[in-house]
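Please open the structure in your viewer and keep the sequence beside it, so that each selection can be followed in both places.

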Amino acid sequence: MNENRKEIYDYCLECVREWKKENGGNPVDIDYDDYLNMVYNHGGSEISGLIDAELGEDEEEQGFYEEVSFACERLNRGIRSAVGSRIRHFRLSKDLSQQELADLAGITKANLCNMEKGKYSAGIDVINRICEALGLEIQLVPARDNGEK
């Protein structure tokens, strides 16, 4: 990751930590796709300039945006919510209803709905079936140090 992207990534996570602290340690109500927009508006001209310079419309830039959003959501609300938000994001990008995806993955619509809301923790086999239905794959990648223990 280049230095500008690392600075954006670190700054975004620091914003989420501050927002949670200001909110009494409770998760902050931010939509998954709005983390960078909130940081952009909060961060002033310096971080805004970095985000403008780094984030474009190509696939690599979108991947970085999604990586930052996932890290922020995980820090803010926890891993179940972060995974659920990603499933919802990809389901909507494929223009699938919850019922359609549930049928493709062989699960109930209620379970999928609860997963997307971060209220249900599914096993790896169920997550894999959902990923396959969405044309995705599960990957294990080295962890980033986000300052959380």
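The stops below say what to select and what is there.

**The whole chain**

Begin with the whole protein in a cartoon view, and bear in mind that this is a predicted model. Its secondary structure comes to eight helices and zero strands, and from the N terminus on the elements run α-α-α-α-α-α-α-α. If you colour by confidence, the mean pLDDT is 82, and 83% of the residues reach 70 or more. Two elements mark the ends of that range: helix 3 (residues 44–54) has the lowest mean pLDDT among the elements, at 67, whereas helix 6 (residues 98–105) has the highest, at 97.

Now switch to a surface view, where the protein exposes about 9000 Å², with carbon and sulfur atoms supplying 47% of that area. Of the 149 residues, 39% count as buried. Among the contacts between residues at least 6 apart in sequence, 62% join residues at least 24 apart.

**Helix 1 and its charged pairs**

Side chains of opposite charge can pair when their charged atoms come close. In this model the count comes to six salt bridges, and helix 1 (residues 3–22) is where to look next.

Select Glu14 and Arg17 and show their side chains: the two form a salt bridge, with the closest N and O atoms 3.3 Å apart. Because Arg17 and Glu14 are three residues apart in helix 1, they are separated by about one helical turn. Arg17 is partly exposed, with a relative accessible area of 22%, and Glu14 is also partly exposed, with a relative accessible area of 36%.

Then move along to Glu18 and Lys21, whose side chains meet in a salt bridge at 3.5 Å, N to O. These two residues are likewise three apart in helix 1, so about one helical turn separates them. Glu18 counts as partly exposed at 29% relative accessibility, while Lys21 is exposed, with a relative accessible area of 59%.

Next select Asp29 and Arg77, where the side chains meet in a salt bridge at 3.4 Å, N to O. This pair links distant parts of the chain, since Asp29 lies in the loop between helix 1 and helix 2 (35–42) and Arg77 lies in helix 4, 48 residues apart. Asp29 counts as exposed, at 73% relative accessibility, whereas Arg77 counts as partly exposed, at 32%.

Which residues does Arg74 contact, leaving aside its neighbours within four places in sequence? They are Ile79 and Ala82. For a distance to check in the viewer, take Arg74 and Ser85, which are 11 residues apart in sequence and 9.9 Å apart in space, C-alpha to C-alpha.

Helix 5 (residues 79–93) is the next selection; its 15 residues reach 21 Å from the first C-alpha to the last, close to the 21 Å expected at 1.5 Å a residue. The buried residues of helix 5 are Ser81, Ala82, Gly84, Ser85, Arg86, Ile87, Phe90 and Arg91. Just after this helix, stop at Asp95, which takes a positive phi of about 60 degrees.

**The interior**

Finally, hide the surface and select Ile8, Cys12, Trp19, Leu36, Val68 and Cys72, which touch the most other members among the 20 residues of the largest nonpolar core. The elements giving two or more residues to this core are helix 1, helix 2, helix 3 and helix 4, and helix 1 gives the most, with seven residues.

Centre the view on Cys12 to see part of this packing: leaving aside its neighbours within four places in sequence, Cys12 is in contact with Leu36, Val39, Val68 and Cys72. A second, separate core of 15 residues can then be selected through some of its members, including Ala102, Ala122, Val126 and Ile127.

Key: Residues numbered from 1 in each chain as written. Predicted model: local features only at pLDDT ≥ 70, side-chain atom pairs only at ≥ 80, totals over all residues. Heavy atoms only, no water. pLDDT = per-residue confidence, 0-100. Helix = DSSP H or I, 4+ residues; strand = E, 2+ residues; numbered from the N terminus. Contact = heavy atoms within 4.5 Å. Salt bridge = Lys/Arg side-chain N within 4 Å of Asp/Glu carboxyl O. Buried < 20%, exposed > 50% of the residue type's maximum accessible area, 1.4 Å probe, protein only. Expected span 1.5 Å × (residues − 1). Core = buried A, V, L, I, M, F, W, Y, C linked by side-chain atoms within 4.5 Å. Areas by Shrake-Rupley, 256 points an atom, 1.4 Å probe, with all protein chains shown as cover.
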